[in-house]
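User: I would like to go through this structure and ask, for each label, what it rests on. Please set the values against the definitions as we go.

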Amino acid sequence: MEIVYRPMIFDEVQATLPEIPRGRISGVSAWDDVLLVGRGFLTIWRDIGEISDLWVDDYYRNRGIGTQIIRELAKIARSHHLHIIEIGVKDDNHGAMRLYERLGFMAYRQIDSPTQPITYLRCETQNLLNL
C-alpha cells in the first residue's frame with residue numbers, strides 16, 4: 001500500500017467548507033490508488049492556522065496517515081508564515097486527542113458546545129515539520 005498525498009483544488013475544499021473564502025483555506029487529501037482514504041483542511045486566521053475536518057477512513061487508521069496529513073498541512077502553514085497551528089477535538093474523541101498530544105499539541109482552551117465540550121490544542125508549526 002502506497003498512500004499518495006496531494007493538495008486539494010479549491011472546488012474540492014469549497015464542497016466541504018463553502019463558508020471559507022478562497023485564499024484562506026487549503027486542503028490535503030490522501031489516496032490509495034483511486035480511493036480517498038483521508039483528508040484535512042487548514043484555515044488561516046490572521047497569524048494562526050487551524051486544522052479542521054481531519055478524517056481518515058476507519059480501515060486506514062493507525063498507519064500514520066493522519067500524522068502525514070497534519071505534516072502536509074504544516075508545510076502549507078509554514079509557506080504562509082504561520083508559526084502556530086491549532087486544532088479542536090470533541091472531548092469524547094480519545095483517539096484523536098492521543099494523536100494530537102503525541103504530535104506535540106497542547107490544550108489551551110475548552111469551549112462548551114451544545115452537544116459536548118471541545119478542547120482546542122496548539123502546536124508550533126516547526127515542531128510538526130520536525131517529526
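Analyst: We can begin with alanine 96, which lies in helix α3, where helices (H or I, at least four residues) and strands (E, at least two) are DSSP runs numbered from the N terminus. This is a predicted model, in which local features need pLDDT of at least 70, side-chain atom pairs count only at pLDDT 80 or more, and totals for chains, interfaces and linings use all residues. Residues are numbered from 1 along each chain as its sequence is written, and side-chain values use heavy atoms, with hydrogens and water left out.

User: Why is alanine 96 called buried?

Analyst: Buried means under 20% relative accessible area, exposed over 50%, and partly exposed in between (1.4 Å probe, protein chains only). Alanine 96 has 13% relative accessibility and therefore counts as buried. From alanine 96 to leucine 54 the C-alpha to C-alpha distance is 9.4 Å, although they are 42 residues apart in sequence.

User: What makes threonine 119 buried or exposed, and which side chain does it join in a polar contact?

Analyst: Threonine 119, placed in strand β7, has a relative accessible area of 10%, and is therefore buried. The side chains of threonine 119 and aspartate 91 are joined by a polar contact of 2.6 Å; the term asks for a pair of N or O atoms within 3.5 Å, where within protein one must be able to donate a hydrogen and the other to accept it, and residues adjacent in sequence count only if both atoms are side-chain atoms.

User: What makes histidine 81 exposed?

Analyst: Histidine 81 is at 64% relative accessibility, so it counts as exposed. Histidine 81 lies in the loop between α2 and β5, and has a positive phi of about 60° although it is not a glycine.

User: What makes a set of residues a nonpolar core, and which members of the largest one touch the most others?

Analyst: The term means buried Ala, Val, Leu, Ile, Met, Phe, Trp, Tyr and Cys residues joined through side-chain atoms within 4.5 Å. The largest nonpolar core has 30 residues, of which Ile65, Ile70, Tyr100, Phe105 and Leu128 touch the most other members. Its largest share, 7 residues, comes from α2.
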